[in-house]
Amino acid sequence: MRISTNTIFERGTSQLNTLQSNIARTQMQLSTNRRMLSAADDPIASARALETSQSQAVNSQYAVNRSNARSSLGLVEQSLGSATLVLQNVQEIVTRAGNGGLNQTDRDTLANEVQSQLDNLLGLANTSDSEGYLFSGYKSKTAPFVATAGGAQYQGDQGERKLQVSSARQFAISSPGSSVFESNLTGNGAQVTSANPANTGNGVISAAAALNPSALTGHNYQITFALTGMPAATTYTVLDTVTNAPPPALIGPQPYQSGQPIAFDGLSLDIRNAPVAGDTFGVDPSARQSVFATLTDLVGTLRAPFGPGQNGLTNGLTRAADNLGSALDTVLTERATAGARLKELDDLDTAGEDINLQYASTLSQLQDLDLVSTISKFTQQQFTLEAAQKSFKSMSGLSLFNFIG
């Protein structure tokens with residue numbers, strides 16, 4: 001078969017171009033350490049690599065979210081820790097204020113200390129970070145609390161700022177201030193006892209204990225003292241102000257003895273010292289009260305002038321101690337919740353790092369180059385190209401014109 005010189009040159013040039021293209025592609029694979037230079041090289045592997053890369057990017061974003069959540073929760077936990085110290089300091093002041101040897105000047109000094117702690121607590125409740133106020137719910141640009149004559153008023157909402165910290169986990173990185181500082185149950189958490197400020201005796205009422213929770217009615221009661229009989233003796237009557245009738249166990253006047261338990265409708269309490277005729281005491285279901293109102297009431301109690309018996313002071317301090325205990329429990333619960341979330345973030349970080357390693361391993365299997373075989377292939381292609389070039393040079397030199405003399 002006759003082959004023209006032009007055909008020889010065209011085929012030779014085409015083959016050299018193909019060999020050069022192949023060796024250039026192999027060199028590009030070596031320089032990038034990637035088996036696939038385009039999706040056309042392996043469509044199935046390319047699709048899987050794209051999915052894995054996207055999943056890896058999402059997992060990296062979860063890590064960023066966890067970092068942001070850790071920052072916010074750390075500040076929440078720190079603020080609640082400081083609030084815990086404030087409330088414990090106030091509890092110590094309440095204990096000191098019960099010393100019968102203190103005069104009004106001493107109590108005024110203690111009231112100033114409580115006011116200072118109140119201002120400190122208000123500042124902690126208005127803590128903010130780069131995203132806004134921590135305890136104002138979704139209204140992160142609004143200060144959650146403003147001082148009022150009765151303590152403080154909440155200006156936030158009930159929302160909780162949340163972050164997605166893993167594919168299956170989303171949790172709050174803040175708490176509304178209303179649940180932290182305003183949801184404290186008065187008294188012992190079930191009932192609250194109180195003394196009428198107009199009482200003239202020195203009776204002091206204790207907290208109410210639930211002897212039989214199933215018998216509790218949730219009603220309000222009033223205990224009234226009187227002088228009855230001949231000779232006159234101090235008695236008391238208990239009135240259920242909801243039914244307007246006495247409890248079944250205490251119908252009619254009951255003889256009073258200081259410190260003796262008074263039990264009715266599943267409750268038990270006692271009144272000490274010497275109440276006088278006309279004195280009244282209340283037993284009511286617990287209600288929600290702001291810790292700022294509790295501290296403000298305590299300041300008022302310490303500043304109020306009391307008579308020699310100081311029963312009003314004792315009742316006020318007892319009420320403050322109960323309410324402070326409830327407020328401290330609430331803050332400690334919120335702090336424990338923040339701490340548990342921080343611990344969970346550590347666990348999620350560990351799991352996220354393991355997932356990231358798995359994604360990296362999958363991508364390596366799909367994309368990375370087998371260096372040993374590719375270098376061997378590159379060397380072979382190099383030899384082939386050199387041989388083709390030499391043979392093409394030899395063939396291109398064959399011509400009849402070389403033999404014409």
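1. Strand 8 gives the most to the lining of the largest cavity, with five residues. Strands here are DSSP runs of E of at least two residues, and helices are runs of H or I of at least four, both numbered from the N terminus. A cavity is a set of points on a 1 Å grid over the protein atoms alone where a 1.4 Å probe fits but cannot get out, and a lining residue has an atom within 4 Å of a point.

2. This is a predicted model, in which local features need pLDDT of at least 70 and side-chain atom pairs count only at pLDDT 80 or more, while totals for chains, interfaces and linings use all residues. Residues are numbered from 1 along each chain as its sequence is written, and side-chain values use heavy atoms, with hydrogens and water left out.

3. There are three cavities of 30 Å³ or more. A volume is the space filled by probe spheres set on the points, which are joined across faces, edges and corners.

4. The largest cavity holds about 90 Å³ of space. It is lined by 14 residues, and Thr193, Ser194, Thr318, Arg319 and Asp322 are the closest to its centre. Strand 8 (191–195) and helix 6 (311–367) are the elements that give two or more residues to this lining. By class, the lining has five nonpolar, seven polar and two charged residues (nonpolar: Ala, Val, Leu, Ile, Met, Phe, Trp, Tyr, Cys and Pro; charged: Asp, Glu, Lys and Arg; polar: the others, Gly among them).

5. The second largest cavity has a volume of about 40 Å³. Its lining consists of Leu73, Val76, Ser175, Glu334, Thr337, Ala338 and Arg341. Helix 2 (43–97) and helix 6 each give two or more of these residues, and helix 6 has the largest share, four residues.

Terms used
On a 1 Å grid over the protein atoms alone, a cavity is a set of points where a 1.4 Å probe fits but cannot get out, and a pocket is an open set with protein on both sides within 12 Å along at least five of seven lines; lining residues have an atom within 4 Å of a point.
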